[in-house]
Amino acid sequence: MSAQASPVPLSAVATHPGAFGNIVAIGKRELGGYFASPVAYIFIVIFLLLAGFFTFNVGGFFERGEATLESFFLWHPWLYLFLVPAVGMRLWSEERRLGTIELLLTMPVTPWQAIVGKFVASWLFLAIGLVLTFPLVLTVGYLGHPDLGAIFCGYLGSFLMAGAYLAVSCMTSALTRNQVVSFILSVVVCLFLILAGWPPVTNMLVQWARPWLVDFVAAFSVMPHFDSFRRGVVDSRDLVFFLSLITFSLFTTGVIIRSHRAG
Amino acid sequence: MIKVENLVKAFGAKLAVNGVSFTVERGEVLGFLGPNGAGKSTTMRMITGFIPPTSGRVTVGGFDIIENPIPAKRLIGYLPENAPAYTDMTVLGFLSFAAELRGLRGDEKKRAISRAVDMCFLEAVLHQSVETLSKGYRHRTCFAQAVIHDPEVLIMDEPTDGLDPNQKYEIRSLIRQMGEKKAIVFSTHILEEVDAACSRAIIIDRGQIVANGTPQELRQRSEIAGAVTLRVQGVPAGTVTQKLQSLPTQRKSTLIGQPDGEVIARAFPAANARNGELEASLYELAVREHWKLIELRTEEGRLDEVFRRITQPDTKRASKDSSP
């Protein structure tokens with residue numbers, strides 16, 4: 001090995017890229033990581049196949065006789081229940097297993113830059129999967145005169161819901177270096193988020209619980225919030241719900257990571 | 001460049017690091033020695049800001065690693081234990097990622113990468129995935145990451161662990177070269193590395209510094225430092241030790257062995273003996289007695305002996321703890 005003398009130390013010429021530059025660098029690596037392994041392709045293929053199966057075979061897309069994507073979006077909370085934790089489970093548990101978390105967090109980046117960078121990259125990856133369902137939009141456009149605004153709302157809601165699930169997976173993956181444990185924990189939490197406001201569950205609760213308790217539990221659910229998007233309504237309360245769920249989960253991720261380091 | 005003051009780290013009730021203080025200036029290479037579990041890695045993790053100390057303070061280049069972590073971390077290059085790297089990336093991708101987090105872009109990034117690649121001989125595996133690399137290459141990839149921004153402070157946790165003798169030699173000479181302009185701390189439990197690369201060494205045991213000095217100073221703490229070893233031929237061993245013990249310049253003389261008709265004995269200098277006086281008197285003795293002198297050597301002291309004497313192995317520790 002040979003040490004070459006460089007006239008000016010590189011640490012002196014380096015420009016400091018700031019928060020955004022760091023987030024982009026971390027996000028780029030994360031997104032590249034998905035496509036470097038078969039995970040990305042398997043995920044996208046399975047997502048598209050299942051989305052198609054539920055829309056046409058289970059949801060009765062053609063039998064409805066309407067030019068809407070209702071039957072498509074209807075299944076997203078359930079589809080994401082397994083697919084999103086599969087994408088998010090590696091986010092931090094892999095870093096801990098490989099020991100690269102020690103590299104990442106001793107770089108001149110703050111923990112929240114790392115958390116946001118990794119989260120945004122995975123969210124973008126989910127968005128790619130979602131965008132690839134565009135032939136469905138073309139199909140309804142060919143068959144009838146769909147309300148494009150409603151379809152856009154559906155996509156927005158689906159994207160936000162995927163983000164909320166993903167933030168939960170991010171949080172559970174910070175808890176353990178075992179990806180399987182991370183996956184299962186995340187599925188359980190997401191299942192709660194679905195069931196808490198699902199009519200069959202709320203109807204059961206109504207039998208014995210006080211209305212405010214039913215409302216309180218249901219308020220944690222993604223279902224009513226996603227439903228309004230699905231119907232083509234963008235309500236600021238729904239936006240706030242998803243965004244605060246994401247913020248809370250990412251914040252908790254930060255707390256978990258800090259507590260690991262504190263030993 | 002690095003200032004460590006009264007560093008303490010408790011994991012539950014156990015004190016992993018207990019009151020460690022030292023400074024490292026530019027141009028110094030500090031070797032960090034100690035048995036496994038002595039607190040070497042924990043100390044390095046606190047210096048690099050990976051884990052916060054329970055109490056105490058670390059400043060790097062004047063920046064407190066807890067209160068002002070980003071400017072402090074910019075100055076540091078860090079090679080963690082076991083040389084972790086993202087296995088799904090290529091070597092080039094990994095180094096490019098490290099360079100970007102160090103704030104290098106465009107041409108500067110390219111130059112930094114090619115400099116690090118040359119330095120660590122990674123040209124052959126540049127487009128290979130980290131997963132498929134041999135241990136030596138993976139180690140060097142992580143090393144390249146640590147020096148990619150030509151840092152002023154370099155912290156390395158067992159940089160030669162798992163390398164073959166040639167690679168060990170390369171890393172050591174690289175550390176020595178870089179040490180002329182940087183402040184370097186590296187941990188090891190290979191004692192010869194201290195001589196090969198360090199300007200100063202610290203021995204740490206059970207979380208505390210038990211020795212701090214240049215390799216020469218540490219060696220002088222050895223029991224045999226300053227003793228003179230004598231090798232003669234054709235004399236009965238009893239005679240040699242008897243004559244040696246009658247010298248006023250020694251306080252103790254022992255027989256080391258008698259291979260093939262030779263006698264090897266060692267004399268320890270008396271407290272009032274001047275420098276070189278013992279050797280001179282031994283030489284005169286051998287001439288006077290017409291001994292066939294093969295070797296007369298002053299011992300410098302041995303690091304491994306010092307190390308063993310001031311750090312205690314786990315087994316001894318346990319038996320000592322259980323005694324009343």
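User: So a helix here is a DSSP run of H or I, at least four residues long, numbered from the N terminus; which helix does A:I26 lie in?
Analyst: This is a predicted model, and in it A:I26 lies in helix α2 of chain A.

User: Is A:I26 buried or exposed?
Analyst: A:I26 counts as buried, because it has 25 C-beta neighbours inside 10 Å and the cut-off for buried is 20 or more.

User: What is it in contact with, beyond its neighbours in sequence?
Analyst: Once residues within four places in sequence are left aside, A:I26 is in contact with A:Q113, A:A114, A:G117 and A:K118. As for A:F119, its C-alpha atom is 9.8 Å from that of A:I26, although the two residues are 93 apart in sequence.

User: Changing topic, how many residues are in the largest nonpolar core?
Analyst: The largest nonpolar core has 134 residues, and those with the most contacts inside it are A:A164, A:L166, A:A167, B:A116 and B:A144. The element that gives the most to this core is helix α10 of chain A, residues 148–175, with 14 residues. Apart from this core lies another, of 14 residues, which include B:V228, B:A267, B:L278 and B:L285.

User: What does A:A167 contact?
Analyst: Leaving aside neighbours within four places in sequence, A:A167 is in contact with A:F119, A:L245, A:I246, A:S249 and A:L250.

User: How many residues does each chain give to the contact between A and B?
Analyst: Chain A gives 33 residues and chain B gives 42 residues. On the side of chain A that touches chain B, the elements with two or more residues are α1, α2, α7 and α15 of chain A, and α2(A) has the largest share, at six residues. By class, that side of chain A has 16 nonpolar, 14 polar and three charged residues.

User: Let's move to chain B, then; what is its secondary structure, and how spread out is it?
Analyst: Chain B comes to twelve helices and 14 strands. Its radius of gyration is 25 Å, well over the 20 Å that the globule rule gives for 324 residues, so chain B is more spread out than a compact globule. Along its principal axes, the C-alpha trace of chain B spans about 80 × 50 × 35 Å, and 44% of its 324 residues count as buried.

User: How much of helix α3 of chain B is covered, and what covers it?
Analyst: Helix α3 of chain B, residues 91–101, is mostly covered, with ten of its eleven residues buried; among them are B:F94, B:L95, B:F97 and B:E100. What covers these buried residues includes α2 of chain A, together with α4 and α5 of chain B. Just after α3(B), B:G103 takes a positive phi of about 85°.

User: What about the open sheet in chain B, what is its strand order?
Analyst: The open sheet has four strands in the order β12-β13-β11-β14 of chain B, with antiparallel pairing. Strands β12 and β14 of chain B stand at the edges with a single partner strand each, so one side of each is left without a neighbour in the sheet. The twist averages 20° from one strand to the next.

User: How many bridges join β12(B) and β13(B)?
Analyst: β12(B) and β13(B) pair in the antiparallel sense over six bridges, and B:T254 stands opposite B:R266 in β13(B).

User: Last one: which strands pair with β4 of chain B?
Analyst: β4(B) pairs in the antiparallel sense with β1(B) over five bridges, where B:V8 stands opposite B:S55 in β4(B). β4(B) also pairs in the antiparallel sense with β5(B), over two bridges, and B:F63 in β5(B) is the bridge partner of B:V60. β4(B) and β5(B) form a hairpin with two residues between them, and B:G61 in the turn has a positive phi of about 60°.

Note on methods: Residues numbered from 1 in each chain as written. Chains lettered and ligands numbered in written order. Predicted model: local features only at pLDDT ≥ 70, side-chain atom pairs only at ≥ 80, totals over all residues. Core = buried A, V, L, I, M, F, W, Y, C linked by C-beta atoms within 7 Å. Buried ≥ 20, exposed ≤ 12 C-beta atoms within 10 Å, placed from the backbone. Contact = placed C-beta atoms within 7 Å. Nonpolar A, V, L, I, M, F, W, Y, C, P; charged D, E, K, R; others polar. Pairing = 2+ DSSP bridges. Axes fitted to C-alpha atoms, helices over the stretch in contact; angles between N-to-C directions. Rg over C-alpha atoms; globule rule 2.2 N^0.38 Å.
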